[in-house]
Amino acid sequence: MSRTSSADDIRPAQQGHGDFTGLYTRFSFTNPFELVFWMIFLALILLTVYIKFTRMLDLHWLFIIYSVAVATVIVGRYIFFSLHRPQLLPRDECDFSIHVIVPCYNEGEKAYVTAKSIASSIYGAKFTVTFVNDGSTDDTCLWLDRIEQEFGFRVLDLPDNIGKRKAIYAGLENQESNITVLMDADVTILNNSLLEITRGFCDEKIGAVCGNTGVGNPKSNYLTRMQELYYYLSYGLFRAAESYFRTVNCCTGSFSAYRTKLIAEVSDEWANQTFLGTPRTFGEDRSMTRMLLRNGYDTVYQPLAKALTIVPDKLGDFVNQQSRWRRGFMFETFFAASHMWKRPAGAALMFYMSFLLALLGPLVIFYCLFMTP
């Protein structure tokens, strides 16, 4: 078993500034359990005040129970986020062979920017890259030709648009690497992110490592700024909390890594998923993660493997993206409910509570607004 190190080993020491040095030292928590204790203590006080206040207003018991359950899930996420300390391989022991697959459809120059960031990556062992052209109809082909010439990356041209899932499946054929990294074609990675994401595979039970994706165009408008906060919470809080139990429910397609031999076991099932007889074209990342969890493997989050993605800056594009993501969430969550009870108790409890609250939310809102105003 290789020696592992905690993320704390590589964090720079936090420095106080000016008159705040003593204040920072006084209120910092060296023990994460101390922080958790005070979080729970404060939450219980607020809960007592909240219940007392709602009873004074004579609110319906259904609203009270639902809102307390929501608050419990939120506080639970913060607690497990505070306790999360990723176990990582030392950098000099990361000698995996890596294959990076980047599916492209009408990405244009963004694909070149992605390729340039991959080519600049610092990684001690050998890695190969395949860009899969999923029947693009714009100038993506020209940019992919340039990528092939400048960086020597393999370009796989598909004659027709067959969807992201099938495009990735085509890139998986005849691969013998230890690790497969999946990236979107509008993502750039930091120069050490390939190395950092492999550090997450600290033991054989870990099947997938989710990277830390942020927003690459936050200053475009207010919509992209809002998404910057959304991404920060989605990765920095939610996935960190799930990773405490080594049960990240979605290793996102923007930047995640998998053990090649494990995804080979489920690739046929994954690539040929259907919904009501129609091939699935959404939720491919959540589906892959669910299958690995179902087969008994762990999934973790590596905050030091950083990437940036270009998010929608128009409302219509944003709504379409969120619609695809929500369909994938609901579909895969229904399937995951059949086996998530096998995961650690905390992970299972948070999963089923979140799922139940998502289902009951519209009913509770309708009941409280229209039935008992």
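## Strand S3

Strand S3 is mostly covered, with 7 of its 7 residues buried. From this strand, Ile98, Val100, Val102 and Cys104 point one way, while His99, Ile101 and Pro103 point the other way, and all are buried. The model described here is predicted.

S3 runs parallel to S4, and 7 bridges join the two strands. Within that pairing, Pro103 has Val132 of S4 as its bridge partner.

## Overall make-up

The protein contains 12 helices and 12 strands. It has 373 residues, of which 46% count as buried. Among contacts between residues at least 6 apart in sequence, 83% join residues at least 24 apart.

## The sheet

An open sheet is formed by 8 strands in the order S5-S4-S3-S6-S9-S8-S12-S7, and its pairing is mixed. At the edges are strand S5 (154-158) and S7, each of which pairs on one side only. From one strand to the next, the twist averages 30°. In general, the strands of a sheet pair through backbone hydrogen bonds, either parallel or antiparallel.

Both kinds of pairing occur around S8. Strand S8 (residues 206-215) pairs with S9 in the antiparallel sense over 3 bridges, and with strand S12 (residues 298-309) in the parallel sense over 8 bridges. Cys210 takes part on both sides: this residue stands opposite Ser256 in S9, and its bridge partner in S12 is Tyr301.

## Strand S9

Strand S9 (residues 255-259) is largely enclosed by the rest of the structure, because 5 of its 5 residues are buried.

Besides S8, S9 pairs with strand S6 (residues 179-183), in the antiparallel sense and over 5 bridges. There, Tyr258 in S9 is the bridge partner of Thr180. Helix H10 (residues 284-294) lies across S8, S9 and S12 and runs at about 30° to S9.

## Nonpolar cores

The largest nonpolar core has 37 residues. Those with the most contacts inside this core are Val100, Ile118, Phe131, Val181, Met183 and Phe255. Apart from it lies another core, of 28 residues, among them Val132, Leu158, Val215 and Ala240.

Val100 points from S3 on the side of Ile98, Val102 and Cys104. Not counting residues up to four places away in sequence, Val100 touches Ile118, Thr128, Val129, Thr130, Val181, Met183 and Leu194.

## Helix H4

In helix H4 (residues 109-119), the buried residues are Ala111, Tyr112, Thr114, Ala115, Ser117 and Ile118. They are covered by parts of the structure that include strand S3 (98-104), strand S4 (127-134), helix H5 (140-151), S6 and strand S7 (187-189). An α-helix has 3.6 residues a turn, so residues three or four places apart point the same way.

## Helices H3 and H12

Helix H3 (residues 61-83) packs against helix H12 (residues 345-371) at an angle of about 145°, and their axes are 10 Å apart. The crossing of H3 past H12 is left-handed.

On the H3 side, the contact is made by Leu62, Phe63, Tyr66, Ala69, Val70, Thr72, Val73, Gly76, Arg77 and Phe80. On the H12 side, Met350, Met353, Ser354, Leu357, Leu360, Gly361, Val364, Tyr367 and Cys368 make the contact. The residues of this contact divide into 14 nonpolar, 4 polar and 1 charged.

Asp285 has its place in helix H10. A relative accessible area of 17% makes Asp285 buried, since the cut-off for buried is under 20%. Leaving aside neighbours within four places in sequence, Asp285 is in contact with Cys250, Cys251, Thr252, Gly253 and Tyr258. Thr252 and Asp285 are 33 residues apart in sequence and 5.4 Å apart in space, C-alpha to C-alpha.

Glu332 is found in helix H11 (residues 315-336). This residue is also buried, with a relative accessible area of 1%. Glu332 touches Gln273, Arg280, Gly283, Arg286, Ser287 and Arg290, not counting residues up to four places away in sequence.

Methods:
Residues are numbered from 1 along each chain as its sequence is written. This is a predicted model: local features need pLDDT of at least 70, side-chain atom pairs count only at pLDDT 80 or more; totals for chains, interfaces and linings use all residues. Side-chain values use heavy atoms; hydrogens and water are left out. Buried means under 20% relative accessible area, exposed over 50%, partly exposed in between (1.4 Å probe, protein chains only). Helices (H or I, at least four residues) and strands (E, at least two) are DSSP runs, numbered from the N terminus. Two strands pair if DSSP finds at least two bridges between them. A nonpolar core is a set of buried Ala, Val, Leu, Ile, Met, Phe, Trp, Tyr and Cys residues joined through side-chain atoms within 4.5 Å. Contact means heavy atoms within 4.5 Å. Axes are lines fitted to C-alpha atoms, for helices over the stretch in contact, and angles run from 0 to 180 degrees between N-to-C directions. A crossing is left-handed if the near helix is turned anticlockwise from the far one by less than a right angle, and right-handed if clockwise. Ala, Val, Leu, Ile, Met, Phe, Trp, Tyr, Cys and Pro count as nonpolar, Asp, Glu, Lys and Arg as charged, and the others, Gly among them, as polar.
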